[in-house]
Structures are given as structure tokens and as C-alpha cells.
Amino acid sequence: MAHEDKIAELERRRAKALAMGGERKLEARRNAGVLNARERLDYLLDDGSFLEAGLHAYSIRPETREKSPADGKIAGYGKINGRPAALVANDFTVMGASSSQVNMKKMGHMKKTARERRMPLVLLGESSGGRMPDRMGASGRATIGQDREEYRRTRDTPWVSTLMGQSYGSSTWYSVISDVVFARKGAVMAVTSPRVTSIAISQDISAEELGGWELHAKTTGLVDAAFDTDEEVLDAVKTYLSYMPSHAGAAPPRATPGVVDDQEKLLDLVPETRRRVYDMRKVLNVIADQGSIFELKALFGRAVITTFARIEGRVVGFLANNPRFKAGSIDPDACDKAVSFIVLCDSFNIPLISLVDQPGFFIGVEGERKRAPGKIMNWMNALAQVTVPRFSVIVRKSFGQAYLNMGGGRNADEVLAWPMADLGFMEPRLAVNVLHGIKAEDDPERFEALAAELERDTEAWDLAGLYEAQYVIDPRETRAHLARLLEVYEGRQVGEHHLSNWPTTF
């Protein structure tokens with residue numbers, strides 16, 4: 001009977017833990033169209049693959065022990081599309097998924113196992129912040145900060161975080177040190193809650209103003225993409241991980257080569273007139289395997305595009321100028337976005353391809369106030385440490401110092417130029433005014449002569465003649481050339497990871 005009693009007790013405790021914060025709270029989430037923590041794990045993971053660690057954990061404080069099933073964080077291991085991962089899902093129905101002494105031990109265990117067993121770490125965030133009084137006063141302070149490497153990030157394995165509701169405290173900290181962050185629209189990420197903030201600054205502030213998804217997707221760049229539903233967020237996690245190796249010591253997984261678009265379209269997508277804008281995304285969609293584009297930070301730093309894609313099934317990272325925004329001129333936000341992507345690709349062995357059409361850096365008072373020179377040099381510093389294969393395709397303009405940032409000189413292993421490439425230091429007609437102080441209306445004949453002079457030695461042939469471009473190609477050959485180069489450089493699939501401890505935010 002003793003064995004039967006203990007087994008019955010086990011089943012009772014299991015049932016209590018699996019009931020989470022109770023039916024009333026779970027029903028409220030269903031009515032709001034929001035998944036609970038266990039439903040999120042069920043949706044994300046392969047059927048039957050979840051192995052939970054810490055189901056029987058509870059609060060260390062006696063007064064909250066009985067109302068803290070699993071202590072508000074559900075942790076364990078599972079498979080996502082057949083590949084192992086470690087996971088932590090915050091259960092907001094249990095004490096607001098607040099961070100405590102016990103549940104942070106669970107998180108630390110998942111981090112350690114992910115690193116040592118070489119698997120991605122997935123953090124499904126939603127938290128009210130630090131639990132009080134666990135983390136308040138001298139006794140609380142004695143329990144935090146005992147692991148001096150708790151917030152150290154060396155990119156041994158991919159980390160992906162989601163924001164799926166209120167996210168304060170640890171949900172914020174772990175989101176911003178993850179490689180990517182996906183949010184559900186309506187989610188909030190901030191240091192602390194609007195109520196605490198409003199009291200502290202004596203000013204009413206809403207959750208959206210403080211840390212809404214739009215702020216982080218468009219202004220801070222801390223959110224890589226936002227979606228309408230929990231399911232769409234979790235689908236993004238699956239898609240993102242499909243481009244990632246399980247750990248930094250492996251090459252990205254190769255997929256079956258995708259359908260190829262009609263390369264003839266490239267001749268129509270890029271206007272002949274240098275000043276006309278177009279959307280570089282359309283060019284990327286033709287060059288890459290169809291349906292393989294997966295863009296990060298699409299709403300932030302929009303003068304550059306950072307996106308994963310595949311060419312003949314091989315994962316690549318495209319860093320592309322987009323003339324549709326600011327004519328492609330690179331502002332400080334775009335610099336930050338580019339560096340973040342370069343670091344991510346180099347850390348996880350993803351070849352980098354620059355698609356170049358830029359008139360230089362975005363100059364002016366606003367850029368200087370946002371520390372443009374420092375951000376430009378951060379980019380150059382990161383680029384100098386990259387060890388994955390780097391290719392640069394000059395589509396149209398590549399002016400000024402930004403020529404180097406976009407892969408010019410020795411900043412790319414191979415440089416390809418379309419015949420219409422223009423390698424000046426700025427728009428020739430603007431340069432006449434800058435260098436000679438002459439406007440077209442002042443002396444039209446001399447102005448045109450000087451403009452023509454400045455356009456000399458700036459064509460693709462001139463760059464190729466100096467062997468600064470190794471190939472001048474028909475635009476329709478771009479995909480085929482890149483595919484061939486990826487084969488040539490396949491032996492250098494795993495880099496040296498000089499950027500692995502580069503800060504995750506900027």
C-alpha cells in the first residue's frame with residue numbers, strides 16, 4: 001500500500017502542477033484568444049517530444065508554496081521539426097510568471113544544458129517582473145547575482161525569445177540578450193511596469209508608450225518582427241530555427257533546392273535611371289530560392305534590408321541597401337541593424353552577401369546626434385572580424401566610405417558588379433557643386449563638362465580592370481554566380497567566431 005499511496009500522491013501533485021494557475025485564469029486567456037504557457041509549448045514542439053524538468057518546483061517562501069505550481073516557469077527539452085531544443089515558457093497564470101529564487105534555477109539549468117549539449121534555447125516570455133518579497137531586501141539580494149555569468153552571452157548556441165504579453169524584469173533581460181525577438185502585437189517589453197514607472201517619474205504613461213511592440217519594432221529595433229497571434233509568433237520561431245545550426249560548431253542545415261524565379265525579371269526591377277527608386281526586396285526574391293526570404297527588423301533602419309534566404313538550398317544572409325527608403329543612404333539606425341546582422345551571421349556560420357545600391361551615408365545634424373561616425377566604425381570593426389564567406393554584388397551605386405561598409409575593398413572575398421555599377425564618391429551632379437562651387441544654372445556648359453569628368457573611371461569596367469571586382473556579370477547571372485561561389489567556399493563553413501561575445505544590443 002505504501003507504494004500505491006506514493007504513486008497516488010505523485011498523480012495528485014502532477015495534476016495540481018498541470019492545472020497551472022487555475023481554471024478561472026485559463027478561461028480568461030481562452031476568452032482573450034491567447035494561448036497559455038503549456039499550449040504554447042504544445043504548438044511549438046513536435047508531438048510527444050516535451051520532457052519537462054521541474055514540474056514539482058514551487059516557491060521557496062512558505063506563504064506562496066501552495067499557489068505556485070511549477071513556480072511560474074515551465075522548463076524542459078523538446079524537438080522542433082525533429083531537432084532538439086531547450087525551452088522555458090513563462091506561465092503568467094502563476095504569480096504573473098514573476099522571477100523567483102527557484103524558477104531562475106530552472107532557467108539557469110536550461111541555459112547550461114543548451115550550451116553544453118549544443119542545442120538552441122527558446123524563451124517564451126511573459127512576466128510581471130521580479131517576485132516580491134523573494135528578491136527584496138538584503139536576504140533577497142543575497143540570492144541574486146550569485147552567478148556572475150548569468151547575463152553573459154557568447155553565442156555558443158542560438159537563442160530566440162518571444163514577447164507574448166506583459167514582459168518586465170527577466171523577460172526583458174533575456175529578450176535583449178537573445179539573438180532574435182518575436183512579439184505578438186499588443187505585447188509590452190520594458191524595464192518595469194507602467195504603474196511603477198508612472199509613480200517613479202510622477203507622470204502617467206501607458207504600457208504602449210513605455211514599451212509597446214511598435215516602439216521596439218520601429219524605433220529601438222529590439223523586436224525583429226511582430227505578429228497578430230501567438231501561433232504566428234511561434235511559427236516565426238520555427239522558421240527562424242530552420243535557418244540556424246543547432247550550435248556554433250556546425251554549418252546551417254541545407255534544404256532541398258527551391259523553385260527558381262525567372263531571372264529575366266531583374267532587368268525590369270532595377271531602373272536604368274540612377275535616381276529612380278525601387279524596392280530591393282523584389283530583387284532578393286528573384287535571386288533567392290522562392291519562398292525562402294525571412295527578414296529581420298523590417299520596420300527598423302529601413303534603408304538596409306537584413307534577411308535570411310536560401311540559394312540552391314544553402315542558407316545565406318543578405319545585407320542589402322534599399323533605395324526605396326532615404327534613397328538607400330545609410331543612417332545610424334541602419335548601421336546598428338547591419339552590425340547586429342553581421343554578428344549573427346558570423347556567429348552561426350552563415351555566408352554574408354551584400355547587395356549594393358547606396359549613395360553614401362545619411363548626413364546631417366540628426367545623424368551626428370545619433371553618433372553616426374561611431375556607428376559607421378562599429379560596422380567596419382565588425383566586418384574586419386568576420387570569418388564566414390563574404391560576397392558583394394554591386395547593383396547600381398556604391399559611393400563614398402559606405403563602399404567599404406558594403407563589402408568594397410578587401411571587405412568581401414569576392415566582388416561581383418553589374419555592368420551599370422557606379423563607383424563614384426557621390427552623385428556627380430552634386431559633386432560638381434561640392435568640389436567646384438558651380439551650379440547647373442550658373443554655367444551649364446562647364447557644369448556638364450565637370451560632371452562628365454567626374455563620371456570617368458567610375459564604371460564597373462574600371463573596378464574590374466584594377467581587379468577590385470573579380471566579375472562583371474549580366475544581372476540575370478547573379479543567382480548562378482552566387483550559387484557557384486557558395487560551392488567554392490563550402491569548405492569554410494564554420495568560422496572562427498571572433499564576434500561571438502559582441503553585445504546583442506546597440
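1. The largest cavity in this predicted model holds about 80 Å³ of space. By the rule applied, three cavities of 30 Å³ or more are counted.

2. The largest cavity is lined by 14 residues, and Leu352, Ser354, Leu383, Arg390 and Asn411 are the closest to its centre.

3. As to the elements involved, strand E12, helix H15 (372-384) and strand E13 each give two or more residues to the lining of the largest cavity. The largest share, three residues, comes from E12.

4. Strands E12 and E13 also belong to an open sheet of seven strands, whose order is E9-E10-E11-E12-E13-E14-E15 and whose pairing is mixed. Strand E9 (294-296) and strand E15 (471-472) stand at the edges; each has a single partner strand, and therefore one side of each is left without a neighbour in the sheet.

5. Within the sheet, E12 (residues 352-358) pairs with E13 (residues 390-398) in the parallel sense, over six bridges. Gln358 is found opposite Ser398 in E13.

6. Two helices that pack on the sheet deserve mention. Helix H13 (residues 332-347) touches E9, strand E10 (304-311), strand E11 (314-321) and E12, and its direction makes about 30° with that of E10. Helix H20 (residues 478-488) packs on the sheet with contacts to E10, E11, E12, E13, strand E14 (414-417) and E15. The direction of H20 makes about 155° with that of E13.

Conventions. Residues numbered from 1 in each chain as written. Predicted model: local features only at pLDDT ≥ 70, side-chain atom pairs only at ≥ 80, totals over all residues. Heavy atoms only, no water. Pairing = 2+ DSSP bridges. Helix = DSSP H or I, 4+ residues; strand = E, 2+ residues; numbered from the N terminus. Contact = heavy atoms within 4.5 Å. Axes fitted to C-alpha atoms, helices over the stretch in contact; angles between N-to-C directions. 1 Å grid on protein atoms, 1.4 Å probe; cavity = no way out; pocket = protein on both sides within 12 Å on 5 of 7 lines; lining within 4 Å. Points joined across faces, edges and corners; volume = space filled by probe spheres on them.
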